[in-house]
Amino acid sequence: MGVLDDIIVGVRQDLAPRMAATPLADLEARLGEVAPPLDPMPAFRAPGLAVISEVKRKSPSKGELADIPDPAELAASYAAGGAAAISVLTEQRRFGGSLADLAAVRARVDIPVLRKEFIVTDYQVVEARAHGADLVLLIVAALDDAELRRLHDLSLELGLRPLVEVHTADEARRAVDLGAELIGVNNRNLQTLDVDLAQFSSLVELLPDDCVNVAESGITGPADAARLYDEGAQVLLVGETLVRHPDPTTAVQALLRSIPE
C-alpha cells in the first residue's frame, strides 16, 4: 500500500463519525446560510503569476512544519502579501488540519479559499461548501473515472471550482477528458512522497491552452517560481516554504516579484 492509499483509509475512518453526527441532509440544509462562493478564475487567468498560499501544520514527508495557533491570522498575512487564494488543509491524521481551520480562514479573508483534502465522497464536497470553501481539490490518483466525474460535476453544481490534481501523463489525460478548467500538476508523487520539480514541465504540454495550469509542491522560493512560470505555470500552490518563513507576507510578495513585470 502506498502513502496515498494509507491516507485515504484514515480519511474514510475519520469521515464515518462526522457523517453519523451530521447526516448529509442536515449538511445540505446549511448551504442556504453560506455566502455565495467566490470565483478564483479571473485572478488565476490574469497576466502574471498567482499564488495559492497554504495553511499547513505538518506533512507525511516532513513531519511538523509550523505551529499555527491562529490559521486565520496566517491567512490574513498571506492575503496582505497578494495571495490570490488560500488553501487550508483539513485532513487531521497526517496534516493536523480541521474543518474549524477552514471556517476560521473563510471568516477572516475576502479571497477564495480552497479546501485541501483527500476527497472521495459526495459528503466531503457538500461539507466543503457548507464550511465556506470556494474551491475543492480532486486528486485523480485517488478516484476512478466515474467517481472523478461525479465529484467534479457535484462541485460545479454547488458553485465550487474543482482543482483537479495530476501527477502522471495518464492522469493528465483523464483530467483533460473530464473537461477540467483548473488542473494542478503535483511535483510530489503521493504514493512515494518523492519530489521532482521537472514533473510540471513534462506534463504541462499535455494540458489545453484554455486550461489554467497550477504547479504544486517542491517550490522553495523565487527561483523555483520563476522557473515554473517560464515553463507555463499560471498559478503556484505553496505551503511548506511559506509556513516556515518568519514573514509570510514578505514571502508571498517575493514569489510574485520573481517574474518580470
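Q: Buried means under 20% relative accessible area, exposed over 50%, and partly exposed in between (1.4 Å probe, protein chains only). What is the relative accessible area of D14?

A: A word on the model first: it is predicted, so local features need pLDDT of at least 70 and side-chain atom pairs pLDDT 80 or more, while totals for chains, interfaces and linings use all residues. Residues are numbered from 1 along each chain as its sequence is written, and side-chain values use heavy atoms, leaving out hydrogens and water. D14 counts as partly exposed, and its relative accessible area is 24%.

Q: Which residue meets the side chain of D14 in a salt bridge?

A: A salt bridge here is a side-chain nitrogen of Lys or Arg within 4 Å of a carboxyl oxygen of Asp or Glu. For D14 the N to O distance is 3.0 Å. The pair links parts of the chain 79 residues apart, from D14 in helix α1 (residues 3-21) to a partner in the loop between β4 and α5; helices (H or I, at least four residues) and strands (E, at least two) are DSSP runs, numbered from the N terminus. That partner, itself partly exposed at 40%, is R93.

Q: On strand β5 (residues 113-116), are the two faces covered or open, and which residues show this?

A: In a regular strand the side chains alternate between the two faces of the sheet. Both faces of β5 are covered, with all four of these residues buried: V113 and R115 on one side, and on the other L114 and K116.

Q: Which residue of β6 stands opposite R115?

A: Two strands pair if DSSP finds at least two bridges between them. Strands β5 and β6 (residues 135-139) pair in the parallel sense over two bridges. Opposite R115 stands V136.

Q: What is the handedness of the crossover from β4 through helix α5 to β5?

A: Strand β4 (residues 85-89) pairs with β5 in the parallel sense over four bridges, and S87 stands opposite L114. A crossover is right-handed if, with the strands pointing away from the viewer, the path from the first strand over the helix to the second runs clockwise. The chain crosses through α5 (residues 99-108), and this β-α-β crossover is right-handed.

Q: How far apart are the closest N and O atoms of E54 and K116?

A: Both partners are buried, E54 at 2% and K116 at 13%. Their salt bridge has its closest N and O atoms at a distance of 2.8 Å.
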